[in-house]
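Trainee: Hi! Could you walk me through this one?
Mentor: Happy to, let's look at it together.

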Amino acid sequence: MSGVKHLTTLAVVAALGVLAACGSDTAAGDTPTPATTATADAGPSGPTGFATITPDDASAVLADPPDDLVILDVRTPEEFAEGHLDGALLVDFYDPDFADQLAELDPDVPYVVYCRSGNRSGQTLPLMQQLGFGSALDIGGGILAWADAGLPIVTD
């Protein structure tokens with residue numbers, strides 16, 4: 001499949017995942033959003049493009065990360081304090097200046113993005129695309145799915 005055709009397919013799959021994730025992602029009572037799984041193209045510096053991946057696939061990316069990989073947590077500070085992925089950077093989705101904070105990040109490095117259930121991170125990927133980011137992978141089902149898969153969470 002040509003690179004453009006493959007990226008177009010990934011964009012459609014990611015858009016479907018965002019549409020499926022519409023709704024609220026409140027801390028009380030939300031349930032994991034089913035993940036739309038796709039694989040991003042692998043380039044010399046790791047995955048490129050935008051896609052929702054499984055927690056196991058995300059764990060594999062984190063086990064052998066591309067250069068300058070940023071793990072981006074878009075939950076609230078309170079949720080972050082309860083437990084997060086090791087090395088994660090917190091940018092609160094609910095901050096009024098969320099888009100401005102994203103715009104201050106380096107758009108040329110790859111990102112793995114997650115939230116609680118996959119809703120907020122699913123909404124973050126299209127925003128990152130609009131802001132000119134080159135690559136972001138969303139952990140489908142968020143940290144809830146990550147924990148259900150038995151993957152490590154840290155508190156500090």
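**Strands, cores and salt bridges**

Mentor: Let's begin with strand S5, which is covered on both faces: Tyr111 and Val113 are buried on one side, and Val112 and Tyr114 are buried on the other. Keep in mind that this is a predicted model.

Trainee: Okay! Which strand runs parallel to S5 with four bridges?

Mentor: That's S3, joined to S5 by four bridges and running parallel. For one place to look, find Val70, which stands opposite Tyr111 in S5.

Trainee: And how many bridges pair S5 with S6?

Mentor: Three, and S5 and S6 also pair in the parallel sense. Tyr111 has Ala136 as its bridge partner in S6, while Val113 has Asp138 as its partner there.

Trainee: What sort of unit do S5, H5 and S6 make?

Mentor: They make a right-handed β-α-β unit.

Trainee: Let's stay with S6. Is it enclosed or open?

Mentor: Strand S6 covers residues 135-139, and five of its five residues are buried, so it is largely enclosed by the rest of the structure. Both of its faces are covered, with Ser135, Leu137 and Ile139 on one side and Ala136 and Asp138 on the other.

Trainee: Can we zoom out? How many helices and strands does the chain have?

Mentor: The protein chain has six helices and six strands. Starting at the N terminus, the order is α-β-β-α-β-α-β-α-β-α-β-α.

Trainee: And how much of the chain counts as buried?

Mentor: Of its 156 residues, 46% count as buried. The chain exposes about 7600 Å², with carbon and sulfur atoms supplying 57% of that area.

Trainee: Now the inside. How many residues are in the largest nonpolar core?

Mentor: It has 17 residues, and those with the most contacts inside it are Leu72, Val74, Tyr111, Val113, Met128 and Ala136. Strand S3 (70-73), helix H4 (98-103), strand S5 (111-114) and helix H5 (119-130) each supply at least two residues of this core.

Trainee: Met128 is on that list. What is it in contact with?

Mentor: Setting aside neighbours within four places in sequence, Met128 is in contact with Phe50, Leu72, Leu102, Tyr111, Val113, Phe133 and Ala136. There is also a second, separate core of 16 residues, and Ala51, Ile53, Ile139 and Ile143 are among them.

Trainee: Changing topic: how many salt bridges are there?

Mentor: The count comes to two. In general, side chains of opposite charge can pair when their charged atoms come close.

Trainee: Which residue does Arg75 meet in a salt bridge?

Mentor: Arg75 meets Asp73, at 2.8 Å from N to O. Arg75 and Asp73 are both buried.

Trainee: And which residue forms a salt bridge with Glu79?

Mentor: Arg120 does, and the closest N and O atoms are 2.9 Å apart. Glu79 lies in helix H3 (residues 77-82) and Arg120 in helix H5, so the pair ties together parts that are 41 residues apart in sequence. Glu79 and Arg120 are both buried as well.

Trainee: While we're on H5, where is Asn119?

Mentor: Asn119 is in helix H5 too.

Trainee: Why does Asn119 count as buried?

Mentor: Because its relative accessibility is 2%, and the cut-off for buried is under 20%.

Trainee: Last one: Pro77. Which helix is it found in?

Mentor: Pro77 is found in helix H3. It is partly exposed, with a relative accessible area of 41%.

Trainee: What does Pro77 touch?

Mentor: Leu90 and Asp92, not counting residues up to four places away in sequence. Pro77 and Leu90 are 13 residues apart in sequence, and 7.4 Å apart in space from C-alpha to C-alpha.

Notes
Residues are numbered from 1 along each chain as its sequence is written. This is a predicted model: local features need pLDDT of at least 70, side-chain atom pairs count only at pLDDT 80 or more; totals for chains, interfaces and linings use all residues. Side-chain values use heavy atoms; hydrogens and water are left out. A nonpolar core is a set of buried Ala, Val, Leu, Ile, Met, Phe, Trp, Tyr and Cys residues joined through side-chain atoms within 4.5 Å. Buried means under 20% relative accessible area, exposed over 50%, partly exposed in between (1.4 Å probe, protein chains only). Contact means heavy atoms within 4.5 Å. Accessible areas come from the Shrake-Rupley method with a 1.4 Å probe; for residues, only the protein chains shown count as cover. A salt bridge is a side-chain nitrogen of Lys or Arg within 4 Å of a carboxyl oxygen of Asp or Glu. Two strands pair if DSSP finds at least two bridges between them. A crossover is right-handed if, with the strands pointing away from the viewer, the path from the first strand over the helix to the second runs clockwise.
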